[in-house]
Amino acid sequence: MLLGLITVCCVLLITVYLVISGIPAIREIGLVNFLFGKEWASTASDPKYGILPFILTSVYGTAGAILIGVPVGFMTAVYLSKLAYPKVKSVMQFAVSLLAGIPSVVYGLVGMLVLVPGIRKIFNVPDGASLLAAIIVLAIMILPSIIKMSITALDAVPKEYEDASLALGATPIETYFKVSVPAAKSGIAAAVVLGVGRAIGEAMAVMMVAGNVPNMPDSLFQSVRFLTTAVSSEMAYSSGLQRQALFSIALVLFLFIMLINATLNFFLKREKE
Amino acid sequence: MKKMITIMIVAVLALSMLAGCGINKAVGSVATDGSTSMEKVIGALGEAFQNDTGISFTYNPTGSGSGIKAVQDGRCDIGLSSRDLKDEEKAAGLTGTVLAYDGIAIIVHPENPVSDLSVENIAKIYTGEITNWSELGGNDVEIVLIGREAGSGTRDGFESITDTEDACRYRQELTSTGDVITTVSQNPGAIGYASVASVKDTVKAVTVDGIAPAEATIKDGSYVVQRPFVLVTKSDAELSEAAQKFFDYITSADANEIIAAAGVVSAN
């Protein structure tokens with residue numbers, strides 16, 4: 001009970017702190033200028049605080065990661081839940097858990113040393129640190145949560161449904177995709193939302209591969225800055241309005257994540273009913 | 001329960017008496033204020049000084065301009081500036097003493113044939129006027145600009161020396177010297193900047209106007225991509241006893257080792 005209260009207090013404290021420290025800068029800069037300004041130059045003599053590039057980058061980056069990560073993760077989950085031999089399943093599930101346990105800085109480091117030079121060579125661009133590199137790293141990072149949640153959802157489908165389908169003459173594959181998957185769809189949707197949450201909140205790994213220049217993300221090979229990295233890269237030396245603006249960015253990010261959590265709860269509730 | 005509370009109170013009292021002893025030993029304190037780039041060197045010096053003498057030391061990272069202002073207003077003992085004092089500041093009764101020089105190396109990939117650049121060309125590269133190494137006698141490779149995040153002392157130093165403030169078109173803004181070096185070592189077209197002391201063999205430091213970055217060339221001023229770390233004091237007023245002690249300590253030869261460990265070249 002007491003420990004629960006501590007958790008609740010932490011959440012409340014963080015929320016209140018973020019709102020209090022995030023509002024002043026937005027007031028001073030103006031909500032529209034802040035959210036839709038296309039230029040960020042926080043230390044220039046004529047500072048500009050527009051975070052549209054960060055918002056778009058976070059949205060594009062997350063969308064890209066979902067686009068790659070969900071099909072791969074979903075197919076893996078169907079295979080592991082329905083088709084794989086028990087031994088293969090246990091080995092692969094172990095590997096997936098291991099993937100979930102790798103610290104994000106390691107993803108970032110591998111991305112920086114392997115992926116970034118790789119992209120530079122394969123696509124013949126001057127520099128590989130780009131939106132694309134961040135998308136690939138994020139896609140791999142969200143795989144474990146998507147696979148695990150989807151497996152749980154698929155495993156929970158009553159066996160009778162599948163037996164009935166098979167008895168009616170459907171092939172196993174037809175059964176899995178036309179009976180099991182629809183029956184588990186809200187659980188799978190929750191997995192996707194969880195993946196979105198993980199991708200949008202990731203800072204360390206993307207900071208190491210995305211290039212961190214506040215450009216508008218108008219190409220996959222553009223060096224970009226995410227909402228999370230915008231906060232973390234400048235926080236150390238910031239002062240005055242710049243610091244307050246960083247808190248405002250954190251507030252925007254917080255609202256995004258709240259929204260995602262609400263969606264997740266919605267799907268989970270529907271699954272229960 | 002009561003017994004435990006008593007024991008705890010006794011323990012707290014005993015500890016606070018010990019802490020009291022510590023404070024009594026110190027005579028006065030030293031307050032410094034200014035340049036964020038000097039954080040590493042002044043922090044190391046302050047810590048050593050505090051350990052040796054027991055005099056407490058504070059450092060307020062506000063930036064060179066505010067540090068100079070703070071001395072003038074008497075809000076701190078010693079101001080820290082990572083640029084030379086302007087004439088009007090000297091006229092206002094301030095004295096600058098150079099503590100150390102911060103050399104910034106311009107680094108490229110080791111296989112890059114270009115090994116010398118002029119300051120003018122460096123500025124042109126970073127502002128996007130020169131975009132290909134072939135324009136400088138190198139291979140036909142697009143130049144990739146690597147820099148530090150806004151607010152970084154090294155970035156601030158580099159941009160003020162090359163006069164490219166707010167005009168640099170970075171391809172990547174990284175948050176540590178190590179990241180800059182690693183990234184430059186990975187990309188044949190990359191150019192970056194890093195504190196001279198931290199440059200490793202994985203990258204090549206180019207000569208600037210024919211002068212290689214080294215302790216000697218930084219100290220005599222012939223290597224131009226450098227800036228002084230200046231201690232700012234009032235010319236007419238005397239320092240407090242503690243502040244004078246600190247000043248003597250950090251400008252003595254004993255402090256050289258600490259200054260060098262912080263990656264800059266000592267002036268004394």
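Two residues are taken to be in contact if their C-beta atoms, placed from the backbone, lie within 7 Å. The model examined here is predicted, so local features were required to have pLDDT of at least 70 and side-chain atom pairs pLDDT 80 or more, while totals for chains, interfaces and linings use all residues. Residues are numbered from 1 along each chain as its sequence is written, with chains lettered from A and ligands numbered from 1 in the order in which they are written.

We may begin with chain B as a whole. Of its contacts with a separation of 6 or more, 73% are between residues 24 or more positions apart. Its secondary structure comes to 10 helices and 12 strands, where helices (H or I, at least four residues) and strands (E, at least two) are DSSP runs numbered from the N terminus. Buried residues account for 44% of the 268 residues in chain B. Here a residue is buried if 20 or more other C-beta atoms lie within 10 Å of its own, exposed if 12 or fewer, and partly exposed in between, again with C-beta atoms placed from the backbone.

Strand 11 of chain B pairs with strand 3 of chain B (residues 78–81) in the antiparallel sense over 3 bridges, two strands being counted as paired if DSSP finds at least two bridges between them. Within strand 11 of chain B, V230(B) is the bridge partner of S81(B). Strand 4 of chain B (residues 94–108) also runs antiparallel to strand 11 of chain B, and 9 bridges join them; here V232(B) is the bridge partner of G96(B).

Strand 8 of chain B comes next. For strand 8 of chain B, 6 of the 6 residues are buried, so this strand too is largely enclosed by the rest of the structure. Strand 4 of chain B pairs with strand 8 of chain B in the antiparallel sense over 5 bridges, and V108(B) stands opposite I191(B). Strand 6 of chain B, by contrast, runs parallel to strand 8 of chain B and is joined to it by 2 bridges, with I191(B) as the bridge partner of L145(B).

Helix 5 of chain B (residues 119–126) has I122(B), I125(B) and Y126(B) as its buried residues. These cover an arc of only 90 degrees around the axis, which puts them on the same side of helix 5 of chain B; the arc is that of the directions from the helix axis to the C-beta atoms. Their cover includes strand 4, strand 5 (116–117), strand 6 (144–148), helix 6 (153–162) and strand 8 (190–195) of chain B. After helix 5 of chain B comes G128(B), with a positive phi near 90 degrees.

Most residues other than glycine have a negative phi. D166(B), although not a glycine, has a positive phi of about 60 degrees. D166(B) lies in the loop between helix 6 and strand 7 (172–174) of chain B and is exposed, with 12 other C-beta atoms within 10 Å. D209(B) also has a positive phi, near 50 degrees. This residue is placed in the loop between strand 10 (207–208) and helix 8 (215–219) of chain B, where D209(B) is partly exposed, with 15 other C-beta atoms within 10 Å. Y223(B), in the loop between helix 8 and strand 11 of chain B, is buried, with 25 other C-beta atoms within 10 Å. Leaving aside residues up to four places away in sequence, Y223(B) touches G103(B), V208(B), I211(B), P213(B), T217(B) and I218(B). The C-alpha atoms of Y223(B) and P213(B) are separated by 6.0 Å, with the two residues 10 apart along the chain.

Finally, the two chains meet. In all, 21 residues of chain A are in contact with 18 residues of chain B. On the side of chain A that touches chain B, helix 5 (104–122) and helix 11 (227–235) of chain A each supply at least two residues, and helix 5 of chain A gives the largest share, 4 residues.
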